[in-house]
Amino acid sequence: MARWKAGLISAGLLLVAWQALCWTGLWPRYVFPWPEDVALTLWRLLTSLELAVALTHTLKRIGLGFALSAVGGLLLGLAMARSRTLSDLLGPVVQGLQSMPSICWYPLAVLWFGWNEGALLFVTTAGALFAVAAATESGVRNIPPSFVRAATTMGARGWRLYTRVVLPAALPSLLTGLRLGWSFAWRPLMAGELLFLNLGFGHLLAMGRDLGDASQVMAVIVVILAVGMVVDRACFSRAEAAVRVRFGYDKAA
C-alpha cells in the first residue's frame with residue numbers, strides 16, 4: 001500500500017507541475033493543453049468507447065508479444081548459460097540486437113509479413129526477447145557455484161537442478177529482465193501502431209496528431225502512463241517484493 005500511495009503522490013505532484021507550467025503561458029493552450037482539457041477529452045474517449053477499443057487491441061498485442069519474448073528469452077538465456085560455446089557464439093549477437101533500436105526491424109517485418117498484425121507481433125517480440133535473454137544468462141551465470149555443487153551433491157540433476165535451484169536463485173535477475181522486456185516491448189508496438197494506423201493507442205495518437213488535437217495526444221499519453229504504472233505495481237513490484245522476502249532481504253508483511 002505504501003508503494004501505491006507513493007505512486008499517487010508522485011502523480012499528484014506531476015499534475016501540479018503540469019498546471020503550473022500551463023499558467024506560465026509559455027505555449028498556446030491548443031499546443032500545450034491544460035489538465036482540464038485533457039480530462040474532458042479523456043471523458044469523450046471513454047464515453048464513445050474509443051479508448052476501450054484501443055485498450056483492448058493494444059493490451060492484446062503487448063500481452064502476446066511479451067509472452068512470446070519472455071518464453072523465448074528465458075529459453076535462449078538458459079541455453080547460453082548452460083553452454084559456454086553457445087554463449088561465445090551468440091552472446092555478442094544478443095548484446096548487439098538488444099541495443100539496436102527496435103524500429104529497425106520494421107522494414108524487414110513488412111517484407112516478411114506485410115502491413116498486418118504479424119509484423120506488429122514480430123517487432124514487439126524482437127524488441128523484448130534479447131533483453132530477457134541477456135538478463136537470464138547473466139542471472140544464471142552469477143549464481144554462487146556453491147549452490148549448484150551442494151544441489152549436485154544432494155542428487156539434483158537435469159531439469160530438477162534447474163527448477164529447484166538454478167531458476168529460484170536467478171529469480172532477481174529474471175524479474176529484472178522481464179521488467180526490461182515489458183518496457184522494450186511497448187516501444188516498437190507504439191511505433192508500429194503509429195505507422196500502420198490500426199486500432200490501438202498508436203491509432204489514437206496518430207488521429208490526434210493529424211487533427212491537430214493536442215488534448216487527445218496528451219490524454220492517450222496519460223492512459224499509457226497509467227497502464228504502465230498499474231502493471232508495474234500490480235505485477236513486477238509484487239513479484240519483486242515476494243522474491244525479496246523469500247531471500248530474506250525484507251520481512252514479510
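Begin with the whole protein selected: among its contacts (heavy atoms within 4.5 Å) between residues at least 6 apart in sequence, 70% join residues at least 24 apart. This is a predicted model, in which local features need pLDDT of at least 70 and side-chain atom pairs count only at pLDDT 80 or more, while totals for chains, interfaces and linings use all residues. Residues are numbered from 1 along each chain as its sequence is written, and side-chain values use heavy atoms, with hydrogens and water left out.

Next, colour by secondary structure, where you will find eleven helices and zero strands, with helices taken as DSSP runs of H or I of at least four residues and strands as runs of E of at least two.

Now show the surface, of which the protein exposes about 14400 Å², with carbon and sulfur atoms supplying 70%; the area comes from the Shrake-Rupley method with a 1.4 Å probe. Of the 253 residues, 38% are buried, meaning under 20% relative accessible area with a 1.4 Å probe, protein chains only.

Then select residues 38–55, one of the spans that an unreviewed UniProt entry annotates as "transmembrane region", bearing in mind that such annotations may be inferred rather than shown by experiment. Here the chain is 89% helix and 0% strand, and the end C-alpha atoms are 17 Å apart. Move on to residues 62–81, also among the annotated spans, where the chain is 100% helix and 0% strand and the end C-alpha atoms lie 27 Å apart.

Terms used
Buried < 20%, exposed > 50% of the residue type's maximum accessible area, 1.4 Å probe, protein only.
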